[in-house]
Amino acid sequence: MNQAEKERAEKLGKKWTPKGYIKKEIEAIRQQVGDKKVLLAMSGGVDSSVCAVLLHKAIGKQLTCVFVDHGCMRKNEAKEVKQVFKGKFGINLIQIDAEKRFLDKAKGITDPELKRKCIGAEFIRVFEEEAKKLGKIEFLGQGTIYPDIVESGVGGHKAVKAHHNVGGLPKDIGFEGLVEPVKYLYKDEVRKVGRALGIPAKMVERQPFPGPGLAVRCLGELTKEKLDILREADFIFRDEMAKAKLDKKAQQFFAIMTNVKSVGVKNGARTFGYVIAIRAVSTSQFVKAGIVELPFKFVTAVAEKIATKVKGVNRVVWDITPKPPATIEWE
Ligand code: XMP
């Protein structure tokens, strides 16, 4: 057992239950934070959501959550986060609509790595500005989970990738320390804790969504037009997957804006529209991924629906490439 594994075993104890974990963690947060304040960047994802509710239960109004909408969120995402975390739980949540700012910064950038860097850097800038406005906040909350630690090569593990949650936000904002209440949990355990905390199933069971959001699913330059088209197509695909009860079969399923235009015909007239791709993968650890065999009838119906309903799209293709050699995201 290496150091990280020992810490995990110690923290969880032998008979692990979500309720027991919540109780212990609330106590631990109170011990660590005292009467000081915590700032948490919320993404709407499972990890930061569970982290937010745990922190809120422990320290209430001493917690401020910041949700930065970088314009690459999925349809209705910002609205749903507000409804659940501000509405249902009463969490002190600040939402920043920074779509224009991010898209202005990303203008003209087509290289995937540069797009990622641009979004990451702008995210930090927006977050820093917000943190400054809030005055002195001693702690930074983070939804780091156990695989993040493992993949980042901490605690005797070999580094796989520099994860966004580990050392992602700048230390020079001046925090005294980090509060990471789900740090020793695997994803399925985070979900169990989330359910026990009363977070709606829709949020707890959400598929993983990358930090840069739709930016890694929108090829070429990021524009509002392309992102809006992608949001609509993605919404239809995910909605149809849920309606057909196929959503439990895939760990990730989404649409991609390919940035390719082709000729089509709508209402008897020639169109020149975007090609949207759809992808559904099954994977246990996201290092390898297989293709989910969606019923062919279902796929053709979805393709037709997207190409008919979404303005600017006239063709849909199905990505049937496993990982490797492809990655899950197109970028
Ligand atoms: P790839 O595309 O490398 O993706 O096969 C593997 C898994 O990682 C997710 N992913 C990210 N998750 N921040 C995240 O939190 C990111 O920047 C990021 N990029 C990719 C991807 O969705 C898949 O689950």
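**Note on the cavity, ligand site and domains**

1. The largest cavity has a volume of about 30 Å³, a volume being the space filled by probe spheres set on grid points joined across faces, edges and corners. A cavity here is a set of points, on a 1 Å grid over the protein atoms alone, where a 1.4 Å probe fits but cannot get out. The search of the whole structure finds 1 cavity of 30 Å³ or more.

2. This is a predicted model, in which local features need pLDDT of at least 70, side-chain atom pairs count only at pLDDT 80 or more, and totals for chains, interfaces and linings use all residues. Residues are numbered from 1 along each chain as its sequence is written, and side-chain values use heavy atoms, without hydrogens and water.

3. The largest cavity is lined by Pro112, Lys115, Arg116, Ala215, Val216 and Glu331, lining residues having an atom within 4 Å of a point. By class, this lining holds 3 nonpolar, no polar and 3 charged residues. Ala, Val, Leu, Ile, Met, Phe, Trp, Tyr, Cys and Pro count as nonpolar, Asp, Glu, Lys and Arg as charged, and the others, Gly among them, as polar.

4. Around the ligand there are 12 residues, of which Arg116, Gln252, Lys323, Ile328 and Glu329 come nearest (near: a heavy atom within 4 Å). The shell has 4 nonpolar, 4 polar and 4 charged residues.

5. An N or O atom in the side chain of Lys323 is 2.6 Å from an oxygen atom of the ligand. For the side chain of Gln252, the corresponding distance to a ligand oxygen atom is 2.7 Å. A backbone N or O atom of Gly211 lies 3.3 Å from a ligand nitrogen atom.

6. Domain 1 spans 3-204 and domain 2 spans 223-319, with bounds from an automatic or database domain assignment. Their centres, taken over C-alpha atoms, are 29 Å apart.

How values were computed. A polar contact is a pair of N or O atoms within 3.5 Å; within protein, one must be able to donate a hydrogen and the other to accept it, and residues adjacent in sequence count only if both atoms are side-chain atoms. On a 1 Å grid over the protein atoms alone, a cavity is a set of points where a 1.4 Å probe fits but cannot get out, and a pocket is an open set with protein on both sides within 12 Å along at least five of seven lines; lining residues have an atom within 4 Å of a point.
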